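Please look at the sequence and the structure below.

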Amino acid sequence: MIIQLSGHHLTKKFKQQTILSDVNLSLASGEIYGLLGPSGSGKTTLVKILLGLEKCDQGKVELFNQKPSISSFRHLGYMAQSDALYEELTAYENLDFFGSIQGLRKKERKQRIEEVAEIVHLRNDLSKKVLQYSGGMKRRLSLACALIHKPKLYLLDEPTVGLDPLLRQSIWKLFQKLKEDEATLIVTTHVMDEVNRCDRVGLLKDGKILATGSPADLLKTYQVDSIEDIFLKGVSH
Amino acid sequence: MQNILALTNRISRQFIRDKRTLALLIVAPILILTLVWVVFGAKTDEPKLAVVGDSKLPMVKQFTLQDIKSLNLKQAKSELKNQEIDAYIEIKEPLSVHLEGSDPPTNQRALKKIQDTLGQAQNQGQQKLSIHYLYGNKDMKMFDSFGPVLLGLFVFFFIFLLSGVSFLRERTTGTLDRLMASPIKNIEIILGYLSGFGLFAMIQSIILTFYSIYVLQMNIEGSIFYVLLTIFILSLSALTLGMLLSTFARNELQIVQFIPIVIVPQIFFSGLFKLDNLPLWGQIIGKFTPLYYAADALKDIMIRGAQFSDWWGDLALLLGFSLLFIILHMVTLRSYRKA
């Protein structure tokens with residue numbers, strides 16, 4: 001099992017408030033790790049620290065078993081909570097731009113744009129400006145931008161928020177498919193029914209990881225009917 | 001290189017799509033320059049004068065010969081009050097001049113005309129003073145003297161505003177995060193912005209300069225190419241400063257809040273007003289503003305027709321400002337992401 005991403009003793013304070021305290025996690029290749037927690041629990045901060053977009057006060061992050069470097073970002077697919085798209089541009093132009101920033105050559109880009117547009121069902125809307133997109137379409141385009149360069153590791157912050165159940169289904173099917181292609185995914189969510197689709201979940205509350213494990217194991221260990229109950233119980237290890 | 005090109009390409013596309021921003025960049029400065037030209041470029045009126053005194057006196061005749069009307073004291077007083085005339089001179093011992101007084105430039109013009117007329121009366125037959133201009137000429141209007149400064153100011157202001165807001169948007173929409181999570185170097189982001197915006201800054205410089213010189217007939221002694229070069233280099237400093245300061249703003253309004261702090265002081269120290277009489281600290285502040293050097297170079301080129309050797313130092317300093325802003329921006333981006 002190859003460790004793709006790991007965080008050791010990550011601690012982050014903002015003024016007096018502790019946002020993350022001593023968080024440890026590691027992701028093996030080919031797994032979907034669900035980061036679960038109520039809003040304000042520090043999920044986004046954790047993802048940003050793992051990406052190197054925010055500094056932690058203590059602890060260290062290793063990306064593909066080394067210190068994060070510019071060249072290792074080549075294998076990262078990041079999708080933020082905000083859609084992070086250029087609204088004046090068409091969907092095609094957005095994909096084209098992020099594709100070239102990721103180092104794809106022109107021919108390759110063209111081909112990949114077609115492929116990812118197909119995957120997120122936006123093929124017929126590629127020439128529309130993002131301004132004219134609905135919220136759900138923007139979300140899917142944002143995901144497509146993270147997919148364009150076939151990364152090995154995905155960090156997806158609430159990828160399915162605002163999508164209808166049908167689309168959510170198809171997106172989770174896509175995650176399964178990425179996983180089969182040996183990709184590693186870390187997905188934050190606060191939707192409980194998505195938890196069961198993850199290989200492992202980490203429960204984050206008040207900046208601490210309450211528990212980690214496969215959904216089935218967690219239910220067994222804590223003797224609860226649903227993962228939510230672990231939060232309600234507020235148990236620690 | 002591919003990264004820089006991709007950014008340039010993207011920024012150009014965004015510009016072309018956003019018609020209002022394009023208009024802000026080009027139409028707005030043209031409009032303001034034209035308005036300033038209308039207000040300050042028009043030929044100044046002759047002051048409206050009257051003379052009060054016995055029409056048989058030679059001195060009164062001297063005035064009426066100059067098409068200055070002769071009134072009695074009561075009429076003169078009431079016309080002055082109703083602003084029909086700007087001043088009247090009462091021919092008595094000693095001579096007394098009464099001015100309307102609410103507008104200093106008009107006062108000066110009225111006084112000058114009266115003095116000229118009196119001078120002619122006294123110096124009849126004597127030699128005429130001959131006046132020579134080292135730079136400029138007697139037909140130079142106010143607009144010609146501060147036009148070059150205004151040209152620089154508008155370029156600086158609009159480029160600063162636009163680059164600040166677009167880089168800020170990059171952060172607030174989260175696209176900067178996406179860039180930061182991809183293998184693009186910080187310097188490539190800055191250079192991409194420089195080349196994307198630089199392209200439009202160049203178009204703006206060309207249009208504004210040609211408009212000022214050929215349509216508004218702004219005085220130009222030196223080469224147009226030098227004017228363009230100066231304005232373009234000035235716009236680079238506005239570009240880099242806007243990007244740098246956008247990292248300290250959380251939203252568009254906070255960018256606007258930089259205007260009174262960053263732009264307005266530069267206007268005062270840019271040479272629009274004479275700086276020689278300022279206290280030392282004021283003169284020193286002026287030396288820290290990019291616009292000061294641009295205005296200095298532009299006045300050298302446009303009014304004095306100076307050669308490259310006279311103003312290259314100004315341009316070098318402007319480039320130095322840009323470099324400083326880029327380095328500071330790199331430092332702030334570094335705290336955001338290493339590498």
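Which residues form a nonpolar patch on the surface? Trp37(B), Val38(B), Val39(B), Phe40(B) and Met142(B) do, with about 470 Å² of accessible area together. The model is predicted, so local features need pLDDT of at least 70 and side-chain atom pairs pLDDT 80 or more, while totals for chains, interfaces and linings use all residues. Residues are numbered from 1 along each chain, chains are lettered from A in the order written, and side-chain values use heavy atoms, without hydrogens and water.

Areas follow the Shrake-Rupley method with a 1.4 Å probe. Helix α2 of chain B gives the most to the patch, four residues; helices are DSSP runs of at least four residues, strands of at least two. Val38(B), in this helix, counts as partly exposed because its relative accessibility is 48% (buried is under 20%, exposed over 50%).

Nonpolar cores are sets of buried nonpolar residues joined through side-chain atoms within 4.5 Å.

| Core | Size | Members include |
|---|---|---|
| Largest | 158 residues | Leu50(A), Phe175(A), Leu179(B) |
| Another | eleven residues | Val60(B), Phe63(B), Ile91(B) |

In chain A, strands β1 (residues 3-14) and β2 (residues 17-28) pair in the antiparallel sense over eight bridges; pairing requires at least two. Two residues lie between these strands in a hairpin, where Lys15(A) in the turn has a positive phi of about 55°.

How values were computed. Patches are made of residues with over 30% relative accessible area and no salt bridge: like charges are joined within 9 Å, nonpolar side chains (Val, Leu, Ile, Met, Phe, Trp, Tyr) within 5 Å. A salt bridge is a side-chain nitrogen of Lys or Arg within 4 Å of a carboxyl oxygen of Asp or Glu. Buried means under 20% relative accessible area, exposed over 50%, partly exposed in between (1.4 Å probe, protein chains only).
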